[in-house]
Amino acid sequence: MLTNKGAQPHNHLHVKKGDTVIVLSGKDKGQKGEIVKAIPKKMKVIVEGINKVKRHTKPSQKYPQGGIITRESPIGVSKVMLVCPACKKPTRIAKKLVNGKYVRACKKCGEVIDESK
Ligand SMILES: [Zn+2]
């Protein structure tokens, strides 16, 4: 297998907004959620319901009482794995050439996960 080190664009993530992923490690291990935000520069993603942290807030217009709010905090992309929308299994990404363009495909069932835009 070719390693192709350095060939990938630096800010490329294997997952993106809207993908369902499963958490591989940490306190949310085994949980699934949808990516609500990808942060390619930091190689991190924010996943709905995952890695929630409590934050103390001062009273503000939005939270007149102040107090504790919970919100998702970014986690490293290496800690998540894409869940294939077709076979529902956590999978690695295969690249498939379709109509002259590379698209992401499931390594397990071969289903194309998205069309490149
Ligand atoms: Zn699949």
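Modeller: Buried residues make up 20% of the 117 residues in the protein chain. This is a predicted model, in which local features need pLDDT of at least 70 and side-chain atom pairs count only at pLDDT 80 or more, while totals for chains, interfaces and linings use all residues. Residues are numbered from 1 along each chain as its sequence is written.

Biologist: What makes asparagine 51 count as buried?

Modeller: A residue is buried if 20 or more other C-beta atoms lie within 10 Å of its own, exposed if 12 or fewer, and partly exposed in between, with C-beta atoms placed from the backbone. Asparagine 51 has 20 C-beta neighbours inside 10 Å and therefore counts as buried. Its phi is near 55°, a positive value in a residue other than glycine.

Biologist: Why is methionine 43 called partly exposed?

Modeller: Methionine 43 has 15 other C-beta atoms within 10 Å, so it is partly exposed. Methionine 43 also has a positive phi, of about 55°, although it is not a glycine.

Biologist: Where do methionine 43 and asparagine 51 lie?

Modeller: Methionine 43 is in the loop between S2 and S3, and asparagine 51 is in the loop between S3 and strand S4 (52-57). Strands (E, at least two residues) and helices (H or I, at least four residues) are DSSP runs, numbered from the N terminus. The hairpin of S2 and S3 has four residues between the strands.

Biologist: How many helices and strands does the protein chain have?

Modeller: By that definition, the protein chain has zero helices and eleven strands.

Biologist: What joins S1 to S2 and S1 to S7?

Modeller: S1 and S2 pair in the antiparallel sense over three bridges; in S2, glycine 33 is the bridge partner of valine 21, and lysine 32 stands opposite isoleucine 22. S1 and S7 likewise pair in the antiparallel sense over three bridges, with isoleucine 22 opposite methionine 81 in S7.

Biologist: In what order do the six strands of the open sheet lie?

Modeller: The order is S6-S3-S2-S1-S7-S8, and the pairing is antiparallel. Strand S6 (75-76) and strand S8 (90-91) are the edge strands, since each pairs on one side only.

Biologist: What makes a set of residues a nonpolar core, and which members touch the most others in the largest one?

Modeller: A nonpolar core is a set of buried Ala, Val, Leu, Ile, Met, Phe, Trp, Tyr and Cys residues joined through C-beta atoms within 7 Å. The largest has 17 residues, of which Val15, Val21, Ile35, Val45, Val47 and Val80 touch the most other members. Strand S1 (20-23), strand S2 (32-39), strand S3 (44-47), strand S7 (80-83) and strand S10 (101-106) each supply at least two residues of this core.

Biologist: Which residues does valine 47 touch?

Modeller: Two residues are in contact if their C-beta atoms, placed from the backbone, lie within 7 Å. Not counting residues up to four places away in sequence, valine 47 touches Val21, Gly33, Glu34, Ile35, Val36, Glu72, Ile75 and Val80.

Definitions and conventions
Two strands pair if DSSP finds at least two bridges between them.
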